[in-house]
Amino acid sequence: MAEFIFTNSYLLLILPLLSFVIIVLWLAGKYQNPAELDKTLRCQNQINDSEETQKRADDFAKGPKIAGLAAILLATLNALYGLGLATAYYQHVLAQPEHYPNRTLVCFDLAWLNFSPGLTANMGIYLDPISVMMIVVITMISLLVNIYSIGYMKDDPAFDRFFALMSLFTFSMLGLVVSSNILQMFVFWELVGVSSYTLIGFWYEKPSAVAASKKAFIVTRFADAFFLIGILLVSFQAKSFDFLTLNLPETAALLNQSIVLGSVPVNLLTLATLLIFAGGWGKSAMFPLHIWLPDAMEGPTPVSSIIHSATMVVAGVFLTARMFPLFSEAVGTLAVVQFIGSFTAIFAAIIAITQRDIKRILAFSTLSQLGYMLFSLGVAKISLHGEMGPGLNSLGYSAAMYHVFTHAFFKCMLFLGAGALIHAVHSNDLMAMGGLKRLMPKTYWSLLAACLAIGGIFPFSGFWSKDAILLAALQSGHYVTFGVGLVTGGLTAFYMFRLFFLAFHGEARSELHDVHEDPWMTFSIVALTIPTLGAGLFEHFFAGEMVASGLAYADHLSHPLWLPVIASLVGISGIGLAWGFYGHGRTEKADEWRQWFGPVYQLVQNKFYIDEIYLFITHRIIFQGIGAPVKWFDRNIVDGAMNLCGRILQLGGKMVRLAQNGQLQFYLGVTVLGLAALLFLAS
Amino acid sequence: MGDYLFYALASALVTFSLLAVSLPNLLHGAISLIAAFFVTAALYIMLQLEFVALAQIMLYIGGIIIFMLIIILLTTGLGVENRHKISNSRRLAGAGVSTVLLFGLLYAIGSKPSTVLVKDKYRAAPVTMDDIGLRLLSTGKEGFVVPFEIISILLLVALVGAVVIARRDSSVTYSHGDGQKESA
Amino acid sequence: MTLSHFIILSLMLCAIGVYGVLTRRNLIGILLSVEVILNGANLNFAAFAHFRAFDPTAGAVFPIFVMAVSACEMAVALAIVISMYRRKKRLDVYRLEELNG
């Protein structure tokens with residue numbers, strides 16, 4: 001059985017791809033939106049009777065469901081396969097450490113590109129603790145989000161396109177996490193970017209959605225360019241693309257050399273790992289490349305839920321973790337990772353306090369949590385023996401992965417819940433909600449669990465993973481980072497419960513019509529409560545097994561008892577503060593404080609004007625200062641030269657054309673003149 | 001005597017030909033062409049080619065020119081078709097080009113005087129109708145029966161072709177005429 | 001009355017015909033001018049047959065052939081003129097320039 005699962009592990013990728021292909025080629029367009037169809041057919045005078053229209057409408061009501069159901073069926077199969085793969089991996093690889101010292105199994109390997117005898121790139125399926133964990137997370141969340149989307153998207157004319165793109169995304173993301181070499185990962189990395197782009201711009205009639213999708217694509221592409229350079233640097237030195245080779249200590253030793261770049265001597269290892277991290281920097285939306293993520297909330301909420309919180313944005317964290325043995329040798333890079341992570345964590349949390357758009361709050365919260373994961377990776381290198389050596393304690397590593405796991409579930413659920421609220425209120429604005437507790441009880445209680453989890457309250461899943469991260473920061477001696485993490489935890493609890501109270505408590509602040517809980521949607525939300533509550537059980541499993549190859553087991557050196565107590569107290573005080581301000585769903589008290597803060601509040605609410613700074617840099621400096629002169633040069637000098645050639649030829653053509661005037665007499669006259677000339681010349 | 005007659009006929013021929021190509025009224029032009037052909041026939045007689053002269057009169061004047069007159073009358077009504085004047089510059093250009101051609105030809109012929117041109121004393125015996133008829137139908141080495149037959153086929157083909165071309169094309173409807181639409 | 005006289009005469013006819021072809025605006029006028037050119041050629045044949053040929057009969061046959069061919073040409077050309085006239089309602093060669101480049 002396990003043998004079968006391993007040898008056919010490519011099915012994991014085939015199933016979502018199949019779903020995409022089936023929907024696109026077979027189901028999509030089969031049942032068109034009757035309104036749209038009517039318009040076209042009426043133009044062609046093909047519809048005369050209302051019976052036909054009714055039939056088409058019925059078809060439509062039935063039809064897209066088929067696409068959704070097909071997607072769900074295949075997603076279910078895929079989730080089952082993912083679980084089977086995880087079980088088989090657990091039983092056969094983890095249980096036999098003597099056979100698999102690195103806990104790594106490349107169970108499918110296909111020669112893909114043969115560059116030269118020394119350099120080949122394979123397509124493979126690479127199973128190790130983190131990729132198996134990601135497989136489970138992605139397939140499960142994909143399934144639940146697909147189910148949720150049946151309810152959420154049921155009135156959308158592009159219902160089937162949505163499911164096709166979701167399947168494409170699932171395929172790409174799974175391909176990314178199981179990549180056995182860095183080139184394959186880059187391919188899927190870009191595929192993920194493309195599917196994200198299409199899904200953010202799903203409602204392409206909205207200019208803001210189009211702008212957001214462009215922004216996301218350009219920002220991440222900007223980062224990916226550096227990633228590609230990093231890939232080339234590393235692969236050139238290591239003569240291989242395989243992660244197994246790249247993660248060997250020999251590769252790090254090979255890279256650990258000084259080169260002179262311009263006139264600045266740099267360490268090649270630091271440079272290469274920084275460049276690779278730059279890819280994750282963009283994908284995980286770390287400061288200052290975070291600007292695309294809040295805007296990406298223009299996409300449908302299920303998309304935000306799966307792509308922009310649970311899976312794709314952790315690709316940066318995943319990449320860092322995947323290459324961690326190499327990163328761990330590059331102290332400078334880890335410092336950068338740690339700094340950027342912690343800064344983004346608190347930066348985003350501060351902004352989230354002031355936002356009014358429910359999805360944007362969650363987006364900034366995602367940024368903040370991604371910051372947690374990254375700084376956890378940044379502090380992961382703790383020497384047990386007080387020196388750099390093979391015996392490293394990678395608690396930060398396992399903690400980061402643990403947080404990826406727990407965060408995926410509760411953040412996905414928060415988004416789905418937010419989607420349910422938006423669906424009910426038809427607005428993203430928090431100030432338009434309120435008093436929904438009575439109307440949406442299931443959502444209320446589920447979201448309460450998620451908010452408690454993200455706030456880090458015992459015994460919800462977030463408590464355990466945050467505790468592990470804080471412990472890692474503490475043990476590694478990075479006290480500033482630890483402090484930032486602690487404070488951010490309080491802020492997180494505060495803004496999440498601000499959202500929670502404002503949405504559910506008090507009185508409704510806008511007129512609500514026909515608020516109900518869609519069964520498809522509620523099912524997913526409630527189902528996600530289970531991992532949110534229960535993920536804490538995996539703490540020891542993660543600490544024990546989630547270890548980068550070559551690094552030692554994580555060891556809770558000393559776990560001071562005051563740490564969880566302090567963390568919980570901070571979280572509870574955040575909740576208490578939120579209760580104090582917004583507990584009854586009112587904002588008067590908060591408004592007073594806002595007056596008091598004045599310009600500081602303005603600064604924060606405008607997200608520290610980062611977008612404006614970008615616009616200034618791009619429009620004023622790059623476009624006008626560099627782009628415009630270059631454009632002038634291109635238009636006038638380069639194009640001018642080309643145009644001149646063209647003009648000369650055109651002029652020649654025009655002159656020749658004059659001869660071809662179609663006038664018989666002109667032709668004859670010229671012929672006669674030519675004959676006369678010949679006569680004079682010849683005799 | 002012969003020389004004077006030749007000069008008179010030649011100047012008449014040139015004059016009529018010039019009139020034929022330059023008279024604004026086509027009908028007048030065709031009539032002066034008839035005159036020119038008559039003069040040419042006279043020249044043929046001077047060259048002792050009576051049969052050619054007769055053929056000239058019968059074929060050209062009796063056939064082709066009459067045919068042309070009919071067409072002129074059919075398409076332009078009394079030949080006064082020149083609604084658009086021919087510009088003087090065009091006339092000048094045409095005159096220039098044809099003069100250049102004339103002098104080119106003269107120069108070409110005059111610059112290399114061949115023996116043929118210089119030896120000017122030989123005169124052929126008059127060609128009788130018998131000779132021509134026999135030569136045309138002779139199958140011998142010097143007979144012209146093959147070109148003769150080919151010419152007759154050519155005439156037939158031209159006849160059929162003319163009918164086909166001039167026939168009203170049923171696939172094209174014309175916007176003028178009596179307003180009736182043609183149907184196949 | 002020598003061969004040279006006839007050659008010059010026929011060359012003049014040819015030049016006059018060319019002038020007509022170049023200046024006439026009406027299609028029928030051009031055909032008329034072509035006849036002038038052919039006439040010059042015929043005259044040339046006849047003159048050479050009379051003054052030079054050892055076999056004058058051949059020289060006499062040639063103008064007859066030319067006449068036959070020109071009759072064919074006329075027939076076809078006039079058919080074209082007719083159909084053109086029917087199509088365009090005018091025979092102005094300035095306007096017949098569909099083949100311009």
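Predicted model: local features only at pLDDT ≥ 70, side-chain atom pairs only at ≥ 80, totals over all residues.
Figure 1. A:V487 is placed in helix α21 of chain A. With a relative accessible area of 46%, A:V487 is partly exposed. Its C-alpha atom and that of A:A345 are separated by 9.8 Å. Along the chain, A:V487 and A:A345 are 142 residues apart.

**Figure 2. Chain A, overall content.** Chain A contains 28 helices and 6 strands. It has 683 residues, of which 55% count as buried.

**Figure 3. Salt bridge between A:D518 and A:K154.** Over all chains, the structure holds 10 salt bridges. In one of them, the side chains of A:D518 and A:K154 meet with an N to O distance of 3.0 Å. A:D518 belongs to the loop between α21 (479–504) and α22 (519–534) of chain A, and A:K154 to the loop between α5 (129–152) and α6 (159–177) of chain A, so the pair ties together parts that are 364 residues apart in sequence. The two partners are described by their accessibility as follows. A:D518 counts as buried at 8% relative accessibility, because the cut-off for buried is under 20% relative accessible area. A:K154, with a relative accessible area of 31%, is partly exposed.

**Figure 4. A:D295 and its salt bridges to A:K215 and A:R360.** The closest N and O atoms of the salt bridge between A:K215 and A:D295 are 2.7 Å apart. A:K215 lies in helix α8 (residues 207–238) of chain A and A:D295 in helix α12 (residues 292–295) of chain A, so this pair ties together parts that are 80 residues apart in sequence. At 17% relative accessibility, A:D295 counts as buried. A:D295 also meets the side chain of A:R360 in a salt bridge, at 3.2 Å from N to O. This pair, too, links distant parts of the chain: A:R360 is in helix α17 (residues 358–378) of chain A and A:D295 in helix α12 of chain A, 65 residues apart. A:R360 is buried, with a relative accessible area of 14%.

**Figure 5. Network of salt bridges around A:D295.** Salt bridges link A:K206, A:K215, A:D295, A:E298, A:D357, A:R360 and A:D611 in a network. Among the pairs in this view are A:K215 with A:D295, at 2.7 Å, and A:R360 with A:D295, at 3.2 Å.

**Figure 6. Packing of α19(A) against α22(A).** Helix α19 (residues 441–455) of chain A and α22(A) have axes that come within 9 Å and cross at roughly 35 degrees. The crossing of α19(A) and α22(A) is left-handed. On the α19(A) side, the contact is made by A:K442, A:T443, A:S446, A:A449, A:A450 and A:A453. On the α22(A) side, A:T522, A:I525, A:V526, A:T529 and A:T532 make the contact. By class, the residues of the contact of α19(A) with α22(A) divide into 5 nonpolar, 5 polar and 1 charged.

Figure 7. Two packed helices are described by the angle between their axes and the distance between the axes. The crossing of α28(A) and α4(B) is left-handed. From α28(A), the contact is made by A:Q665, A:G669, A:V672, A:L673, A:L675, A:A676, A:L679 and A:F680. From α4(B), the residues making the contact are B:R90, B:V97, B:V100, B:L101, B:F103, B:G104, B:L105, B:Y107 and B:A108. The residues of the contact of α28(A) with α4(B) divide into 13 nonpolar, 3 polar and 1 charged.

**Figure 8. Chain C.** The secondary structure of chain C comprises 3 helices and 0 strands, and its elements run α-α-α from the N terminus on. Chain C has 101 residues, of which 69% count as buried. For contacts in chain C between residues at least 6 apart in sequence, 61% join residues at least 24 apart.

Note on methods. Residues numbered from 1 in each chain as written. Chains lettered and ligands numbered in written order. Heavy atoms only, no water. Salt bridge = Lys/Arg side-chain N within 4 Å of Asp/Glu carboxyl O. Helix = DSSP H or I, 4+ residues; strand = E, 2+ residues; numbered from the N terminus. Buried < 20%, exposed > 50% of the residue type's maximum accessible area, 1.4 Å probe, protein only. Left-handed = near helix turned anticlockwise from the far one by under 90°. Contact = heavy atoms within 4.5 Å. Nonpolar A, V, L, I, M, F, W, Y, C, P; charged D, E, K, R; others polar. Axes fitted to C-alpha atoms, helices over the stretch in contact; angles between N-to-C directions.
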